[in-house]
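Let's take a walk through this structure, one piece at a time. Have a look at the chains below before reading on.

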Amino acid sequence: MTTQSCVMIQKEWDIVAARQLGREIAKKIGVGTVDQARIATAVSEIARNIYLYAGKGKVCFDVIETIDQKGILITAEDSGPGIDDLSMAMEDGFSTSGGLGAGLPGVKRLMDEFDIKSEVGQGTQIKVIKWVR
Amino acid sequence: MRIPILKLYNYLLISIQTEIDDQTAIQFQEDLLNEIHKTGSQGVVIDLTSVEVIDSFIAKVLGDVVTMSDLMGAKVVLTGIQPAVAMTLIELGIHMRNVPTALDLEQGLLKLHQELGE
């Protein structure tokens with residue numbers, strides 16, 4: 001079984017703490033340097049989204065293993081306003097924060113798997129996975 | 001936390017060695033512009049050799065500070081961007097066009113030297 005580590009996102013520095021923890025865990029399970037940078041950057045982006053749009057939330061890390069591969073699962077959750085139009089939010093260049101954040105398409109490109117659930121008024125949950133190559 | 005800015009002849013040198021959060025990045029932007037104003041420096045090298053992560057926010061702050069310095073009449077060169085950082089930025093969709101770069105501090109100073117016609 002895996003143990004989950006989480007970082008609460010409430011202030012700006014928590015974004016840094018989350019990406020540091022993400023990188024640390026990735027390094028520990030044997031993720032290469034470039035993928036470590038991809039993971040740290042993706043975590044930074046989703047943690048900043050929480051900070052900017054929801055104010056607070058959390059980013060959790062799990063080490064996951066299947067029969068033939070190992071990876072890091074990152075779950076970002078908040079109880080913020082939610083995303084009204086998910087397909088629009090997944091388009092390159094779309095941002096409601098005035099150019100802050102490269103947005104979700106960038107995060108998707110950096111990771112191997114990407115899943116998002118969002119409900120207006122309820123919050124947003126993003127799950128991303130990077131497999132060890 | 002403040003990022004130190006060193007003066008060398010008519011250049012300013014900055015080596016970013018720590019993890020930077022948003023506030024530190026914004027503070028640095030302000031500090032650098034004030035330092036350019038105070039010293040009348042015409043060239044700035046920001047060395048990123050030790051930086052392991054540049055996310056969209058830090059990229060925006062860096063890109064902006066280049067443009068802002070340019071407005072004031074100082075040229076900025078970013079140096080030492082790591083391979084992993086370059087790959088990640090492009091995949092993220094951040095191209096940082098119009099931002100002068102060089103391989104390392106030495107090349108950066110050389111570039112400024114040429115551009116300022118000294």
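Which residues of chain B does UniProt list for "domain: STAS"? The unreviewed entry gives residues 1–112 of chain B; UniProt positions follow the numbering used here, feature names are shortened, and annotations may be inferred rather than shown by experiment. In that span, 47% is helix and 18% is strand, and the end C-alpha atoms lie 28 Å apart.

A quick word on ground rules: this is a predicted model, where local features need pLDDT of at least 70 and side-chain atom pairs count only at pLDDT 80 or more, while totals for chains, interfaces and linings use all residues. Residues are numbered from 1 along each chain as its sequence is written, and chains are lettered from A and ligands numbered from 1 in the order in which they are written.

Now for the sheet. Chain B has 5 strands in an open, mixed sheet, ordered β1-β2-β3-β4-β5. (Strands are DSSP runs of E, at least two residues, and helices are runs of H or I, at least four, numbered from the N terminus; strands pair if DSSP finds at least two bridges between them.) At the edges sit β1 (6–8) and β5 (101–102) of chain B, each pairing on one side only. β1(B) runs antiparallel to β2(B), residues 11–15, over 3 bridges, with Leu8(B) opposite Tyr11(B).

Finally, where do the chains meet? 18 residues of chain B are in contact with 24 residues of chain A, contact being C-beta atoms, placed from the backbone, within 7 Å. On chain B's side, α3(B) gives the largest share, 6 residues.

Terms used. Two residues are in contact if their C-beta atoms, placed from the backbone, lie within 7 Å.
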